[in-house]
Amino acid sequence: MPKLSDNSAGDERLLMGNEAIARGALEAGLQVAAGYPGTPSSEIVDSLSKAAGDVPLYVEWSANEKVSMEVAAAASFAGLRSLCAMKQNGINVASDFLLHLAGSGIRGGMVIVSCDDPGALSSVNEGESRHFARLVEIPLLEPGEFQEAKDMTRWAFELSEQLGTPVMLRSVTRMSHASGIVRFDSLPGKPRRAVFRCEGFMLDTDEGPMVSAPVGYRHEMQQERIRRARELFEASPFNTYEGPERPELLAVTCSAAALYCREAVSMLGAAGRVGILKIGTTWPLPVGLVKMRLAAAEKVIFVEEILPFLEENVKVIAAESAREIGVKTFYGKNEGTLPMNGELNPDRVAAAMAGILGIPFGDPAADYRRQAEAAAEAMAPQRGQTFCPGCPHRASFWLLQEALHLDNRKGFVCGDIGCYSLALLPCGFNSLKTLHAMGSGMGIASGFGKLGAFGMDQPVVTVCGDSTFYHAVLPALINAIHHRADVLMAILDNSGTAMTGFQPHPGSAVNALGEPAPHVDIETLCRSLGVSVEVRDPFDLAETRRAVNRLLEQGGVRVLVLRQSCALSPAKRAKRAFRVHVDDAACLGESCGCGRFCTRVFRCPGLLWDKAAGKARIDEVICAGCGICSFICPQGAIVKEVP
Amino acid sequence: MKLSEKNAVVYGLNTVVIRKKPLEEPARGAGQRELNEEVLDAGLCTGCGACVGLCPYQAIHGDATVALHRCDIRTGRCWAFCPRTKVDPAALRSIAALGADWTAELGPVRGLYLCRARDGANRGAAQHGGTVTALVRLALQEGMIAAAVLTGPGERLLPRPLTVTDPGKVPETGKSRFVASPVLAEFNRAAREGAGPIGLVATPCQALSVAKRKLSGRNLGDAAVDRLGLMVGLFCGWALSWRGLSGLLSGKLNLEAVSAMDVPPSKYRRLEVTAQGAPLHIPIDEVLPIVRRSCLSCDDMTAEYADLSVGSARLPEGWDEARHWNQMIVRTPRGEALVELARRREVLEFREVPEGNLERLKSASLRKKQAAREAEAKRS
């Protein structure tokens, strides 16, 4: 099977955008890669970890994004080329370090990959990481197709090293997760030797200490680097123009939106009327190039996802050079031609362009959409987003919300980030009442846990996953302990970073390279902080619920580890602990005493309601055989048997 | 537009669908939703346990009934059996078929007695005269009932309902605990397991629930009440909230060591709690704030729907003598038969009811009925 690490220049492969980025980094001579898993970024470090056996490369899944950036920076300080990858809000986590790193500069080429999630397909935010590049004054690159994703990544290392600054490469879900043909270049030869030269003079960027102080001097240097980047970007092959020399409408675009523009122009048959200026170097903008293209058009539309980053930066150039290029009519997000949230697609872009150009344009996919809706209505199960069959989180939230209802003091759960964020929804019995950043569940709970002094008598519970625990919960836990907050923390330990594909974390016994690694034990760690820790199996519903009720009566910080591995974990996958069936004679169905409890309230997708028979059924195709529903059924009509 | 369940659906962390037509408010029924609104949310739940154990939606924790999950059945046993939902009193009386003995103040009265267990040991383990302990024990011994649902001690002053089949175990349950015990949840469990005939020692609200069950149970597919062989009622002024009581006492004595509690006649204005040594006297003004809200709206002091009802006695000699006796209202032929048996077997001893005791009991009961009307008027 061909591998990403094959040294086969000229080969053409079908690669996912994230793999193309990884390949570009390998071709640039990457030696250290780090990251924290997060959709849509995870495949970058995942594919590098697979390549690590074949090329001289160290890869790690760090405890969090900030640490991953620091690990990559250390390699750069030692002269190696390094990369860190994360999703958009990972940049928020790392941003404090990033601000200072931009000030100190780097040595070996260092690329920070941020994969944004327009439309929040796998996020609880629609954050824009591009502003960080401008905020901390570092160059920003945005690939517009798959070959470019590879080539631009490779070049980003050159650029970084040439300027002495970290470079941010920003992708989006449709760039990271879609696939295209990528032509390989060769891999480099000998790896560099790591040496951190730090004995030199304070201000010596090659031999001195790596610091962001003295601030005035360093900040000026940093801004000089950005000025040089701007000059280099004027001639960058990643900024392209296609269309007539004097287009009726100029589309200024970047990233995946460039693909939508091309498709929209083709759908409208408007190639002779619309020019597409695709910018790959979105910060700092190549002023000369932008001015030249603006000068040739009267109407300008900005096509980009989420916030008007490109739009506003281009408008500054237009305002500053209005005397030379004339006054333009702008279309984009600020005046509402395109939305400031959600994903774009070719239809949306075509509709926007058609409106400006006066081309009649209906919904080309209306018929298809109708057919799809009809098919979905007839054939797809009627349910919202839910936990997988056999998911231990369903059992955990079942018993947590039961315990809180029984406790009867209007207690609530502060949520955190992971699969279990879904507990906001009916599949998790709407248990979560706050949901923000990683680690925020415990932080918020720590705050709630001090409000007893002002009359709050509601018990406070927080949940976090095992990976999240190491990521950012620990400081909040320490805070709660030190300040004697009244909080019950349930750690939903499903033995891996399950949501993003079972990447190892500091609690795992292996690392990203597949080597045995010392695992940092959650219980031992919590006990060492002086809190009581109980470990329970969420599949032992009744006992664990009683334990939760007992813990709810106590004050201070209490830790409850709910341990049961993910139904999709390599250890469990395709193995059923039980064969489950419904005893029709015992099933009460819709009558008083049940009211379709299993399918209406418990809602595991492995349970079906047979309307005609008025009985519950097990969907044997998807049932994972955990057997939890057999405890839920008030009649004992759901029977589990060891196969 | 403010979005609610009526006009929007959330399908996932990122999918909101606005309904083309807002959902209409479902018509009112007589199920869990109405039970929640009329009883639980209104603070009127008595903690009797009648709605618990019939389905997975209602549960008891501590001394409180909670709605664990949302049921969407329009007509439910939970609402029908709850002692605090509306019911036609005339219909209730008609199923009791006791119209002839009915009194406005005390319900059916076939006789008022002053009595106590003849066996002194029985009395010591029980409250006051030990009449209930003696009668339940007798009913088990004589096979009138095969099991008795009673209340024993639990942790931190929380009473624990239990089913007793061994007559020798009855005295272990013979104390007043002043916190609601969900004996009807235990009755539901025992009936489901096929026990019977079952004897029940019930507070007035619990007795009322059983009467409602006789009235409507069969229409709702519930025949458990047919397993009931005897219901001994308890006089009751109020119960205390469990969290309130454990909070009130926890600084004052070791909760696990509490062996007896009593409220002497109202002129003493105190709750007596015995742990080790002499009883601790808690002023009644500290106790009244932790009375269950639902008890204030209760208009039955003497368990009018039981076969017979037992409470504390009043004697001309004063409380020191009266505290060793009980006052008993016999209401039904079944109650009468048991008392007759007790007399024949010399399980109970009797003394003459002092003149005026019936009138005093009636006026005390009327005061409670009046207070309940006022509390309900204030609430609505």
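Author: **Helix H1 of chain A and beyond**

Helix H1 (residues 17-27) of chain A is largely enclosed by the rest of the structure, because eleven of its eleven residues are buried. Buried means that 20 or more other C-beta atoms, placed from the backbone, lie within 10 Å of the residue's own; exposed means 12 or fewer, and partly exposed is in between. Helices (H or I, at least four residues) and strands (E, at least two) are DSSP runs, numbered from the N terminus.

This is a predicted model: local features need pLDDT of at least 70, side-chain atom pairs count only at pLDDT 80 or more, and totals for chains, interfaces and linings use all residues. Residues are numbered from 1 along each chain as its sequence is written, while chains are lettered from A and ligands numbered from 1 in the order in which they are written.

The buried residues of H1(A) include A:Glu19, A:Arg23 and A:Glu27. A:Gly17, A:Ile21 and A:Leu26 are also among them. Just after H1(A), A:Gly29 has a positive phi of about 85 degrees.

Strands S21 (residues 607-610) and S22 (residues 615-618) of chain A run antiparallel, joined by four bridges. Strands pair if DSSP finds at least two bridges between them. A:Leu607 has A:Ile618 as its bridge partner in S22(A). Four residues lie between the two strands, and A:Gly614 in the turn has a positive phi of about 70 degrees.

Next, the cores. A nonpolar core is a set of buried Ala, Val, Leu, Ile, Met, Phe, Trp, Tyr and Cys residues joined through C-beta atoms within 7 Å. The largest has 182 residues. A:Ala490 and B:Val232 are among those with the most contacts inside it. Apart from it lies another core, of 105 residues, including A:Val59 and A:Met353.

Now the chain contact. Residues are in contact if their C-beta atoms, placed from the backbone, lie within 7 Å. Chain A gives 22 residues and chain B gives 21 residues. On the side of chain A that touches chain B, helix H15 (392-407) and helix H20 (597-602) are the elements that give two or more residues. H15(A) supplies the largest share, four residues. That side has twelve nonpolar, eight polar and two charged residues. Here Ala, Val, Leu, Ile, Met, Phe, Trp, Tyr, Cys and Pro count as nonpolar, Asp, Glu, Lys and Arg as charged, and the others, Gly among them, as polar.

Notes: Two residues are in contact if their C-beta atoms, placed from the backbone, lie within 7 Å.
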